[in-house]
Amino acid sequence: MLRWGILSTAKIGRDQVIPQIIDAEDNVVTAIASRDAARGQVVADRFGIPHVFGSYDELLASEEVDAVYIPLPTSQHVEWAVKAADAGKHVLVEKPLALNADDIKPVIEARDRNKVVVSEAFMVTYHPQWQKVHDLIAGGAIGRLRHVQGAFTYHNVDPDNMRNRPELGGGGLPDIGVYPTVTTRFVTKTEPQRVQAVVERDPKFGTDIYASVKADCGDFELSFYVSTQMAARQTMAFHGDKGFIEVDTPFNSRVYGDDRVILHDLTHGTSTTFRFGDTRQYRLQSEAFAKAVKGEEVQLFSLEESVKNQRFIDAIFRAGEHEGWETV
């Protein structure tokens, strides 16, 4: 069993990741750390976690932990990923791993010198619906891919929420802009060449609250928008010259509707629906991570992929500062 320690009592850990690690094969949560020991104990009691630590360093020193999951504020991801790797722990760190592609280099170095597994937690890449989209495109189901279109929005104006605090790494592009980019790259195995963007910031928060993006990916274009202050919506579509693919719930599985991939033909007269039931993408992520730790061949989101995706986001921010194209 891969023994997990959780760094902090963050909501995504409590609501999504911890329950699905517990349910995953060959995984168990043995420890949690919180700077507020009482909060840590509450979470430990809820999930039956045997060890509670009052500091992150204590958890990293524990012999009861093989791997750590890091759902801390984005501004702390690199620091604690490096510390965890240097403590000999395998590391799964929430996205975005960093706020700049160059900042990922110390994490790669820590992974390599300690010979541990380190991965950014892009749970969507473990959901079988995205492998289905990849297979349909690669198999010519929609002919030549010409355009990818996407959106990811929600409404959050809480000034205390980390997503609205730039000093903690808040903002729309770091939080949700990474999803249209990573899923497009995942299913097409193609990197963007240049990008145009409009980026709007909140005058009080200072965070980016809206971005409209157009990317030149060589054989096709990607256009998407994200916002932290619009009505909630998620969608992704892949349009070819012989048909198109729609992904109903592309990112937050089962939250915005059923997990479905719909393939439409050239005339929009016939469609085929692929349903994925109660797929638990965080559980699949944990199971893939455990297999990687064992040395098994598994498709794990690599730090090298993290660098490529962050370079895309970095280019979008730069493009938002001027008109015209920005090289990725």
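How many residues does helix α9 (residues 303–319) have, and how far does α9 reach from its first C-alpha to its last? The legends below start there. The model is predicted.

**Figure 1. Helix α9 from end to end.**
Helix α9 has 17 residues. From its first C-alpha to its last, α9 reaches 24 Å, close to the 24 Å expected at 1.5 Å a residue. Residues buried in α9 are L303, S306, V307, N309, Q310, F312, I313, D314, A315, I316 and A319. Residues three or four places apart in an α-helix point the same way, because there are 3.6 residues a turn.

The structure holds one cavity of 30 Å³ or more. About 40 Å³ of space lies in the largest cavity. Its lining is formed by L97, A98, I104, E120, F122, V178, S306, N309 and Q310. Helix α9 gives the most to this lining, with three residues. S306, N309 and Q310 also belong to the buried set of α9.

**Figure 2. The six-stranded open sheet.**
Six strands form an open sheet with parallel pairing, in the order β3-β2-β1-β4-β5-β6. At the edges stand β3 (51–53) and β6 (118–120). Each has a single partner strand, so one side of each is left without a neighbour in the sheet. From one strand to the next, the twist averages 25°. Helix α8 (residues 281–294) packs on the sheet. This helix touches β1, β2 (27–33), β4, β5 (90–93) and β6. The direction of α8 makes about 155° with that of β5.

**Figure 3. Strand β1 and its two partners.**
Five of the six residues of β1 are buried, so β1 is largely enclosed by the rest of the structure. Strand β1 (residues 2–7) pairs with β4 (residues 67–70) in the parallel sense, over three bridges. Here I6 stands opposite Y69 in β4. The pairing of β1 with β2 is also parallel, and runs over six bridges. W4 has V29 in β2 as its bridge partner. In a regular strand the side chains alternate between the two faces of the sheet.

**Figure 4. The β13–β14 pair and H268.**
Strands β13 and β14 pair in the antiparallel sense over five bridges. V261 has F274 in β14 as its bridge partner. H268 lies in the loop between β13 (260–264) and β14 (271–275). H268 is not a glycine, yet has a positive phi of about 60°. Is H268 buried or exposed? With a relative accessible area of 52%, H268 is exposed; the cut-off for exposed is over 50%.

**Figure 5. Backbone details on either side of α5.**
Most residues other than glycine have a negative phi, and most peptide bonds are trans. The peptide bond from K95 to P96 is cis, with omega near -10°. P96 is placed in the loop between β5 and α5 (105–114). K115 lies in the loop between α5 and β6. Although K115 is not a glycine, its phi is positive, about 55°. K115 is exposed, with a relative accessible area of 72%.

**Figure 6. The largest pocket.**
The largest pocket has a volume of about 1,100 Å³. It is lined by 40 residues. Closest to the pocket centre are A10, K11, I12, M162 and R163. Which elements give two or more residues to the lining? They are α1 (11–23), β7 and α7. The largest share, five residues, comes from α1.

Notes:
Residues are numbered from 1 along each chain as its sequence is written. This is a predicted model: local features need pLDDT of at least 70, side-chain atom pairs count only at pLDDT 80 or more; totals for chains, interfaces and linings use all residues. Side-chain values use heavy atoms; hydrogens and water are left out. Helices (H or I, at least four residues) and strands (E, at least two) are DSSP runs, numbered from the N terminus. The expected span of a helix is 1.5 Å times one less than its number of residues. Buried means under 20% relative accessible area, exposed over 50%, partly exposed in between (1.4 Å probe, protein chains only). Two strands pair if DSSP finds at least two bridges between them. Axes are lines fitted to C-alpha atoms, for helices over the stretch in contact, and angles run from 0 to 180 degrees between N-to-C directions. Contact means heavy atoms within 4.5 Å. On a 1 Å grid over the protein atoms alone, a cavity is a set of points where a 1.4 Å probe fits but cannot get out, and a pocket is an open set with protein on both sides within 12 Å along at least five of seven lines; lining residues have an atom within 4 Å of a point. Grid points are joined across faces, edges and corners, and a volume is the space filled by probe spheres set on the points.
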